[in-house]
Amino acid sequence: MSGLDEFDRRILTQLRLDARITNSALAASVGLSASACLRRVKLLEQSGVIRGYTAIVAGTGPDEGTVAIVQVELERQTEEYLLRFEHALRRYPEVREWYLMTGAGDYLLRVQIAGMEEYAAFHRDVLTRLPGVNRITSSFAMRSNRRG
């Protein structure tokens, strides 16, 4: 994100906190006129700095299931293997996010599932069948400080 000035950084900070903020409120909070602020937001979108907006759905309360943090090691780390694996992950809404990592494993996944029995089935029927998977290590969240 090089090439951003202080106003751009302020805009991005405010949008991270509340992407539904009105343009006039955003402009006032960053110290710009409404037209200048809107022009900057459009430029940030067009340049790809802002790639989209999203809704943050309620976290993992007791009625919302279990979060598994899953480390996946692939057979190979070629770009072809990485892309096939990521493409396959997109088919499963239970996989809420994933990261290509440095270190011991290749990927870290956050999987949200109803409970342990459902995770066992997801592990058996989905995770072990993803392309290129060599090893899977699962951990389960006991508490979260996730906001939103």
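## Basis of the report

This is a predicted model, in which local features need pLDDT of at least 70 and side-chain atom pairs count only at pLDDT 80 or more, while totals for chains, interfaces and linings use all residues. Residues are numbered from 1 along each chain as its sequence is written, and side-chain values use heavy atoms, with hydrogens and water left out.

Helices (H or I, at least four residues) and strands (E, at least two) are DSSP runs, numbered from the N terminus.

## The sheet

Four strands form an open sheet in the order E2-E3-E1-E4, with antiparallel pairing. Strand E2 (95-100) and strand E4 (133-140) are at the edges with a single partner strand each, so one side of each has no neighbour in the sheet. On average, neighbouring strands of this sheet are turned by 20° against each other, direction ignored. Two strands count as paired if DSSP finds at least two bridges between them. In general, strands of a sheet pair through backbone hydrogen bonds, either parallel or antiparallel.

Strand E1 (residues 66-74) is joined to E4 by 7 bridges, and Glu 73 stands opposite Arg 135 in E4. Another 7 bridges join E1 to E3, where Val 67 has Gln 112 of E3 as its bridge partner. E2 and E3 pair over 5 bridges, and Val 95 stands opposite Val 111 in E3. The hairpin of E2 and E3 has 6 residues between the strands, and in this hairpin Gly 103 takes a positive phi near 100°.

Helix H4 (residues 79-89) lies across E1, E2, strand E3 (107-113) and E4, and runs at about 10° to E3. Such angles run from 0 to 180 degrees between N-to-C directions, with axes fitted as lines to C-alpha atoms, for helices over the stretch in contact. E3 is mostly covered, with 6 of its 7 residues buried. Buried means under 20% relative accessible area, exposed over 50%, and partly exposed in between (1.4 Å probe, protein chains only).

A nonpolar core is a set of buried Ala, Val, Leu, Ile, Met, Phe, Trp, Tyr and Cys residues joined through side-chain atoms within 4.5 Å. The largest one has 19 residues, of which Val 70, Val 72, Phe 85, Leu 109 and Val 111 touch the most other members. E1, H4, E3 and helix H5 (116-125) each supply at least two residues of this core. A second, separate core of 13 residues includes Ile 11, Leu 15, Leu 26 and Ala 36.

## Helix H3 and its surroundings

Helix H3 (residues 34-46) has 13 residues and reaches 18 Å from its first C-alpha to its last, close to the 18 Å expected at 1.5 Å a residue. The expected span is 1.5 Å times one less than the number of residues. In H3, Ala 36, Cys 37, Val 41 and Leu 44 are buried. These residues cover an arc of only 135° around the axis, which puts them on the same side of H3; the arc is that of the directions from the helix axis to the C-beta atoms. On the other side of H3, Arg 39, Leu 43 and Gln 46 are exposed.

The cover over the buried residues of H3 includes helix H1 (6-17) and helix H2 (23-30). Asp 8 lies in helix H1 and counts as buried at 10% relative accessibility. Leaving aside neighbours within four places in sequence, Asp 8 is in contact (heavy atoms within 4.5 Å) with Arg 40 and Leu 44.
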